[in-house]
Amino acid sequence: VQLQASGGGLVQPGGSLRLSCAASGSSSSIRVMGWYRQAPGKQRELVARIATGGSTNYVSSVKGRFTISRDNAKNTVRLQMNNLKPEDTAVYYCNAGTYSLDYWGQGTQVTVSS
């Protein structure tokens with residue numbers, strides 16, 4: 001499975017960004033897709049994930065501001081990020097999980113700053 005992420009960039013506090021990730025290869029084996037982030041000096045953390053059936057999980061700090069969605073037919077996952085805060089600044093990584101393996105896309109930088 002290969003993951004290609006896009007989106008990210010620089011935005012002012014309160015602004016919005018959308019991240020997209022497309023899976024290719026043996027994508028039919030994917031069960032869960034999601035986004036993780038890693039800020040400087042911090043551990044990588046789960047931001048949001050969505051299962052094939054549509055159930056979602058969010059880290060508490062982004063609930064109500066971020067929305068994850070998935071197109072199973074196109075093997076894509078998106079993360080709509082609204083009301084961004086400086087503490088959302090991090091490198092964001094797309095993730096896809098099968099029953100036995102995890103796959104990672106290249107990171108994309110999100111910077112929230114005035």
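## Core, sheet and charged network of a predicted model

Leu19 is buried, with a relative accessible area of 0%, where buried means under 20% relative accessible area, exposed means over 50%, and partly exposed lies in between (1.4 Å probe, protein chains only). The structure is a predicted model, in which local features need pLDDT of at least 70 and side-chain atom pairs count only at pLDDT 80 or more, while totals for chains, interfaces and linings use all residues. Residues are numbered from 1 along each chain as its sequence is written, and side-chain values use heavy atoms, with hydrogens and water left out.

**The sheet and the core**

Leu19 lies in strand β3; strands (E, at least two residues) and helices (H or I, at least four residues) are DSSP runs, numbered from the N terminus. Leaving aside neighbours within four places in sequence, the residues in contact with Leu19 include Trp35, Val77, Leu79, Met81, Tyr92 and Val110, contact being heavy atoms within 4.5 Å. Leu19 and Gln80 are 61 residues apart in sequence, yet their C-alpha atoms are 6.5 Å apart in space.

Strand β3 belongs to an open sheet of four strands, which follow the order β1-β3-β8-β7 with antiparallel pairing; two strands pair if DSSP finds at least two bridges between them. In general, the strands of a sheet pair through backbone hydrogen bonds, either parallel or antiparallel. The edges of this sheet are β1 and β7, each with a single partner strand, so one side of each is left without a neighbour in the sheet. On average, neighbouring strands here are turned by 15 degrees against each other, direction ignored, with axes taken as lines fitted to C-alpha atoms (for helices over the stretch in contact) and angles running from 0 to 180 degrees between N-to-C directions. Between β3 and β8, which run antiparallel, there are six bridges.

The largest nonpolar core has 29 residues, and those with the most contacts inside it are Trp35, Leu79, Met81 and Tyr92. Such a core is a set of buried Ala, Val, Leu, Ile, Met, Phe, Trp, Tyr and Cys residues joined through side-chain atoms within 4.5 Å. The elements that give two or more residues to this core are β1 (2-6), β3 (17-24), β4, β5 (45-51), β7, β8, β9 and β11 (108-112).

**The disulfide**

One disulfide is counted, defined as a pair of cysteine sulfur atoms within 2.5 Å. This disulfide joins Cys21 to Cys94, with 2.0 Å from S to S, and links distant parts of the chain, since Cys21 is in strand β3 and Cys94 in strand β9, 73 residues apart. The link is left-handed, with -85 degrees about the S-S bond. Cys21 and Cys94 are buried, and Cys21 stands opposite Val77 in β8.

**The charged network**

Three salt bridges are counted, a salt bridge being a side-chain nitrogen of Lys or Arg within 4 Å of a carboxyl oxygen of Asp or Glu.

| Salt bridge | N to O distance |
|---|---|
| Glu45 and Arg37 | 2.7 Å |
| Asp88 and Arg37 | 3.0 Å |
| Arg65 and Asp88 | 2.8 Å |

Arg65 lies in the loop between β6 (56-58) and β7 (66-71) and Asp88 in the loop between β8 and β9, so this pair ties together parts that are 23 residues apart in sequence. Both Arg65 and Asp88 are buried. Through shared partners, the salt bridges join Arg37, Glu45, Arg65 and Asp88 into one network.

Not counting residues up to four places away in sequence, Asp88 touches Arg37, Val62, Arg65, Phe66, Asn83, Val110 and Val112.
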